[in-house]
Amino acid sequence: MHIYEERLSVPRSWWALVVLGGVGLGLGAFPFGVFAAVAAGAACIAVSAAVVHAHGSVRILVTPGSLVVGGRRIPIEALGATEILDEREAFEWRTVRANPYALLLLRSYVPTALRIELRNAYGGAPYVYLSTRRPMNLATILAFSRG
């Protein structure tokens with residue numbers, strides 16, 4: 001059972017770039033024949049689509065007792081204070097203020113984020129940085145889950 005679920009899907013424009021890249025590679029391979037052009041374009045689209053889909057299929061889940069971030073499960077008891085980051089603050093925490101030991105789920109196309117302190121440096125990380133489109137909702141759900 002999921003209390004909260006968010007998928008950090010990529011913008012639609014990225015899918016247009018996948019198609020344009022395949023068409024461009026197909027046109028570049030056209031001097032080698034029609035079959036080579038179609039095969040190169042189709043292969044480029046297939047590989048690019050797989051990469052874009054994998055990048056955009058990351059999920060943030062809150063289940064009873066844990067926060068699941070892209071496959072990593074963090075117990076709710078390990079979570080400390082949360083800080084909602086607007087676009088400017090999120091940029092600072094992604095760049096100059098970033099800790100190399102932190103758990104980061106970065107998506108540049110998601111402007112807002114949530115920073116969650118970890119108690120006792122859970123797993124060696126001082127905090128979790130989550131790119132999220134709904135930081136207020138996620139912070140509220142985590143506060144409710146902690147009781």
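Among contacts in this protein between residues at least 6 apart in sequence, what percentage join residues at least 24 apart? The figure is 67%. Keep in mind that what we have here is a predicted model.

Let me start with the layout. There are four helices and eight strands. Reading from the N terminus, the order of elements is β-α-α-β-β-β-β-α-β-β-β-α. The radius of gyration is 20 Å, while the globule rule gives 15 Å for 147 residues, so the protein is more spread out than a compact globule. Along its principal axes, the C-alpha trace spans about 65 × 35 × 25 Å.

Next, the inside. Of the 147 residues, 36% are buried. The largest nonpolar core has 27 residues. Those with the most contacts inside this core are Ile60, Leu67, Leu79, Ile116, Leu130, Leu138 and Leu142. Several elements give two or more residues to the core, including strand E2 (59-63), strand E3 (66-69), strand E7 (113-118), strand E8 (127-131) and helix H4 (135-146).

Take Leu67 as an example. Leaving out residues up to four places away in sequence, Leu67 touches Ile60, Leu79, Ile116, Leu130 and Leu142, among others. Its list of partners also includes Arg72 and Arg73.

The accessible surface comes to about 8,300 Å², and carbon and sulfur atoms account for 64% of that.

Methods
Residues numbered from 1 in each chain as written. Predicted model: local features only at pLDDT ≥ 70, side-chain atom pairs only at ≥ 80, totals over all residues. Heavy atoms only, no water. Rg over C-alpha atoms; globule rule 2.2 N^0.38 Å. Buried < 20%, exposed > 50% of the residue type's maximum accessible area, 1.4 Å probe, protein only. Contact = heavy atoms within 4.5 Å. Areas by Shrake-Rupley, 256 points an atom, 1.4 Å probe, with all protein chains shown as cover. Core = buried A, V, L, I, M, F, W, Y, C linked by side-chain atoms within 4.5 Å.
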